[in-house]
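Here is a short report on ring contacts and open space in one protein model. Keep the structure in view while reading.

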Amino acid sequence: MTAEPLRIAFLLFPDVTQLDLTGPVQVLSRLGNARLDLVAATLEPVPTDAGFSIVPTATFADVPAADILCVPGGFGTHRAIADDATIDWVARVGADARWVTSVCTGSLVLGAAGLLRGYKAGCHWAQRHMLPLFGAEPVAERVVIDRNRLTGGGVTAGIDFALRLTALIRGEAHARMVQLALEYDPMPPFDAGSPERAGVAVVEAYERRVAQLAPGRDDQLRALAAR
């Protein structure tokens, strides 16, 4: 008898960081015997932060449960947290999922849905300090595993997270094969991938840019957490 396919559900919301989503989607699509859905409130195309839209494959009503729930991040996470239908779906699916996962600031969405209370979790470095608002313990690692919660750091960490999850589900040999198939052998041109190594000037420039793009986002999140 053929085993039922793993059901993988990715939350899709406006202003998602597309690589948060598409990186792990590409990796997890190679799990084998898995069904992957991009889930949104409607089937209308969803705009990403990269200037193009992604078409959902299912709505909240279509996916009442999943084996793996994954929530990406991006500047749209605050609006996702403020949306009751989104948080209700994340909480409902996450309550019974075998794996509850996120990339970047997607962990804040998991937290707002009550899924990280008492868990260690990762997040994008610039918003990691907000995790305690939701009862989570922030950890400065690229991939954080606490029981069945897997949370990745910022953006590109989604690929690492997905390979770690692949190894847990299919074994290390399968994960290594997927990594090879994707030629995931990063050699970044600059050693600036963390605030510790990027230097004060680069970090301050980044923070000024974020303040322009998302003014008051920490205050907004505190208000949402207090609801």
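This is a predicted model. Start with a charge and a ring: R149 lies over the face of Y119, at 4.4 Å from the ring centre. R147 also lies over the face of Y119, 4.0 Å from the ring centre.

**Aromatic pairs**

The count of aromatic pairs is 2. F60 and W89 form a stacked pair. F60 sits in the loop between β5 (58–59) and β6 (68–71), and W89 in helix α3 (residues 84–96). This pair links distant parts of the chain, 29 residues apart. F60 and W89 are both buried.

W125 and Y206 have their ring planes at 45°, so this pair is tilted. W125 lies in the loop between β8 (120–121) and β9 (137–138), whereas Y206 is in helix α8, so the pair ties together parts 81 residues apart in sequence. W125 is partly exposed, with a relative accessible area of 25%. Y206 is partly exposed too, at 30%.

| Pair | Centre to centre | Angle between planes |
|---|---|---|
| F60 and W89 | 5.3 Å | 20° |
| W125 and Y206 | 5.3 Å | 45° |

**The largest pocket**

About 850 Å³ of space lies in the largest pocket. Its lining has 30 residues, and R142, T156, G193, S194 and R197 lie nearest the centre. By class, the lining holds 17 nonpolar, 6 polar and 7 charged residues.

Which helix gives the most to this lining? Helix α7 does, with 4 residues. The elements α5 (157–170), α7 (195–198) and α8 (200–213) each supply at least two residues.

Technical notes
Residues are numbered from 1 along each chain as its sequence is written. This is a predicted model: local features need pLDDT of at least 70, side-chain atom pairs count only at pLDDT 80 or more; totals for chains, interfaces and linings use all residues. Side-chain values use heavy atoms; hydrogens and water are left out. On a 1 Å grid over the protein atoms alone, a cavity is a set of points where a 1.4 Å probe fits but cannot get out, and a pocket is an open set with protein on both sides within 12 Å along at least five of seven lines; lining residues have an atom within 4 Å of a point. Grid points are joined across faces, edges and corners, and a volume is the space filled by probe spheres set on the points. Ala, Val, Leu, Ile, Met, Phe, Trp, Tyr, Cys and Pro count as nonpolar, Asp, Glu, Lys and Arg as charged, and the others, Gly among them, as polar. Rings of Phe, Tyr and Trp (its six-membered ring) pair if their centres lie within 6.5 Å; planes under 30 degrees apart count as stacked, over 60 as edge-to-face and the rest as tilted. Buried means under 20% relative accessible area, exposed over 50%, partly exposed in between (1.4 Å probe, protein chains only). A charge sits over a ring if NZ of Lys or CZ of Arg is within 6 Å of the ring centre and within 35 degrees of the ring normal.
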